[in-house]
Amino acid sequence: MAHEAAIHEENIPDNKYDTLSLEASYVAQGQANRAQELKHALQTYQHLTLQPFGENDNIRLTALVTLRDESGTTKTFFIGPREGGLKLQLDGEEIMVITAASPLGSQLIGKSVGDDVELGGSCYEIVELC
């Protein structure tokens with residue numbers, strides 16, 4: 001729709017201040033760029049090899065990490081190669097995808113079960129790694 005708006009004859013600018021067509025072209029280009037990014041991310045995940053983890057291993061890409069705060073609340077994160085921020089449901093549990101470049105991801109990389117990290121001003125212990 002944005003592409004059609006950008007090239008539609010009714011949106012041809014009448015003067016230099018008429019920017020509807022230009023704005024629509026920016027939206028169309030942004031959408032095309034995002035679609036390309038998603039295509040690359042999908043391809044990356046389709047070819048991703050999950051790494052096995054033991055309890056004494058360090059956290060790295062493809063780790064599923066569970067954190068617990070002082071009140072016993074747990075949060076689970078998957079460290080993926082792209083597209084952090086996605087929330088998934090698995091057996092009623094929410095898992096958030098983060099990247100190694102994210103603030104939390106960069107704290108987790110290289111740590112292991114028993115180590116602490118800060119998240120949102122709270123201290124969390126790494127309680128499970130798989």
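Colleague: In which loop is the place of Glu83?

Modeller: This is a predicted model, and in it Glu83 sits in the loop between strand 2 and strand 3.

Colleague: Which other residue has a phi that is a positive value, near 75°?

Modeller: Thr62, again a residue other than glycine. Thr62 is placed in the loop between helix 2 (20-46) and strand 1.

Colleague: Is Thr62 buried or exposed?

Modeller: Buried means under 20% relative accessible area. Thr62 has 5% relative accessibility and therefore counts as buried. Leaving aside residues up to four places away in sequence, Thr62 touches Leu48, Thr49, Leu50, Gln51, Phe53, Phe78, Ile79 and Cys130.

Colleague: Cys130 is on that list. How many disulfides does the count come to?

Modeller: A disulfide needs a pair of cysteine sulfur atoms within 2.5 Å. By this rule the count is zero.

Colleague: Now the overall layout. How do the elements of the chain run from the N terminus on?

Modeller: The order is α-α-β-β-β-β-α-β-β, with three helices and six strands in the secondary structure. The chain has 130 residues, of which 25% count as buried. Contacts can also be sorted by sequence separation: among those between residues at least 6 apart, 40% join residues at least 24 apart.

Colleague: Which residues of the largest nonpolar core touch the most other members?

Modeller: Such a core is a set of buried residues joined through side-chain atoms within 4.5 Å. Here the largest one has 14 residues, and Ile59, Val65, Leu67, Leu104, Leu108, Val117 and Ile126 touch the most other members. Strand 1 (64-69), strand 2 (74-80), helix 3 (103-108) and strand 6 (122-129) each give two or more residues to this core. Strand 6 supplies the largest share, three residues.

Colleague: What does Ile126 touch?

Modeller: Not counting residues up to four places away in sequence, its contacts are Ile59, Val65, Thr66, Leu67, Leu108, Lys111, Ser112, Val113, Gly114, Asp115 and Val117.

Colleague: Where is Thr76 found?

Modeller: Thr76 is in strand 2, and at 5% relative accessibility Thr76 counts as buried. With residues up to four places away in sequence left out, Thr76 touches Leu64, Val65, Thr66, Glu93, Glu94, Ile95 and Met96.

Colleague: Which residues lie nearest the centre of the largest pocket?

Modeller: Tyr45, Phe78, Leu88, Ile95 and Val97, out of 16 lining residues. The space in this pocket is about 320 Å³. By class, the lining has twelve nonpolar, two polar and two charged residues.

Colleague: Which element gives the most to that lining?

Modeller: Helix 2, with three residues. Helix 2, strand 3 (87-90) and strand 4 (93-99) each supply at least two lining residues.

Definitions and conventions: Residues are numbered from 1 along each chain as its sequence is written. This is a predicted model: local features need pLDDT of at least 70, side-chain atom pairs count only at pLDDT 80 or more; totals for chains, interfaces and linings use all residues. Side-chain values use heavy atoms; hydrogens and water are left out. Buried means under 20% relative accessible area, exposed over 50%, partly exposed in between (1.4 Å probe, protein chains only). Helices (H or I, at least four residues) and strands (E, at least two) are DSSP runs, numbered from the N terminus. Contact means heavy atoms within 4.5 Å. On a 1 Å grid over the protein atoms alone, a cavity is a set of points where a 1.4 Å probe fits but cannot get out, and a pocket is an open set with protein on both sides within 12 Å along at least five of seven lines; lining residues have an atom within 4 Å of a point. Grid points are joined across faces, edges and corners, and a volume is the space filled by probe spheres set on the points. Ala, Val, Leu, Ile, Met, Phe, Trp, Tyr, Cys and Pro count as nonpolar, Asp, Glu, Lys and Arg as charged, and the others, Gly among them, as polar.
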